[in-house]
Every structure is written in structure tokens, then in C-alpha cells.
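Me: I would like to learn how to read a protein model, beginning with a helix. Could you take me through one step by step?

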Amino acid sequence: GEKIDDDVDFKSEIYGVDWAWALLGVETNASKEVVKKAYRKLARKYHPDVSNDADSVEKMKKINEAFEFIKRVGNYK
């Protein structure tokens with residue numbers, strides 16, 4: 001897939017059970033703080049208000065979807 005960040009693959013379709021962690025570039029056992037930091041890093045880079053990337057809206061949707069999924073399954077508040 002297309003790279004969303006230096007070491008994270010951004011795929012147009014979601015695959016596998018670990019997709020959210022892979023998208024944010026964190027381990028599946030990452031702490032709430034690590035997940036939040038990774039999310040914020042990607043959000044600062046790809047938010048449509050700051051990014052000139054033509055796909056920034058779609059990328060930000062996927063980043064948000066991954067973050068919300070991890071919060072839900074990880075029981076993060």
C-alpha cells in the first residue's frame with residue numbers, strides 16, 4: 001500500500017486484525033500514551049488543515065478510524 005508515514009503502510013482497504021496498530025505504527029500491546037502520541041503525530045502531519053496532500057481527508061479518516069478502534073478494543077477512554 002501507500003506509505004502514510006515513514007514506517008507505516010496506509011492501505012486503501014483494511015486487512016487483518018492488527019490493521020489499526022500497523023496504521024498508527026505501534027505494537028498491539030502499546031500503552032494508551034504511546035497510541036495517543038502516534039495518533040497525534042500522524043494527525044499533525046495529515047490533517048487536511050495543514051497537509052497539502054491530495055488524499056489528506058481520506059488518510060485522516062483512516063487514522064481516526066484506527067485510533068477509535070484501538071481505544072474501543074483496548075478499553076482506552
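Me: Which residues of α2 are buried?

Reply: Helices here are DSSP runs of H or I with at least four residues, numbered from the N terminus, and buried means under 20% relative accessible area, exposed over 50%, and partly exposed in between, with a 1.4 Å probe and protein chains only. In α2, the buried residues are Val-35, Ala-38, Tyr-39, Leu-42, Ala-43 and Tyr-46. They lie on the same side of α2, because they cover an arc of only 130° around the axis, where the arc is that of the directions from the helix axis to the C-beta atoms. On the other side of α2, Glu-33, Lys-37 and Arg-44 are exposed.

Reply: The general idea is that an α-helix has 3.6 residues a turn, so residues three or four places apart point the same way. As for the source, this is a predicted model, in which local features need pLDDT of at least 70 and side-chain atom pairs count only at pLDDT 80 or more, while totals for chains, interfaces and linings use all residues. Residues are numbered from 1 along each chain as its sequence is written, and side-chain values use heavy atoms, with hydrogens and water left out.

Me: How many aromatic pairs does a search of the whole structure find?

Reply: Rings of Phe, Tyr and Trp (for Trp, its six-membered ring) pair if their centres lie within 6.5 Å, and planes under 30 degrees apart count as stacked, over 60 as edge-to-face and the rest as tilted. The search finds 3 such pairs. One of them is the tilted pair of Trp-19 and Phe-69, at 5.4 Å centre to centre with 40° between the planes. This pair links distant parts of the chain, since Trp-19 is in helix α1 (residues 19-24) and Phe-69 in helix α3 (residues 56-73), 50 residues apart. The rings of Trp-21 and Phe-69 have centres 5.8 Å apart and planes at 80°, so that pair is edge-to-face. Trp-19, Trp-21 and Phe-69 form one aromatic cluster.

Me: Which residues of the largest nonpolar core touch the most other members?

Reply: In soluble globular proteins, nonpolar side chains tend to be buried together. A nonpolar core is a set of buried Ala, Val, Leu, Ile, Met, Phe, Trp, Tyr and Cys residues joined through side-chain atoms within 4.5 Å. Here the largest core has 18 residues, of which Leu-24, Val-26, Val-35 and Ile-63 touch the most other members. The largest share of this core, 6 residues, comes from α2.

Notes. Helices (H or I, at least four residues) and strands (E, at least two) are DSSP runs, numbered from the N terminus.
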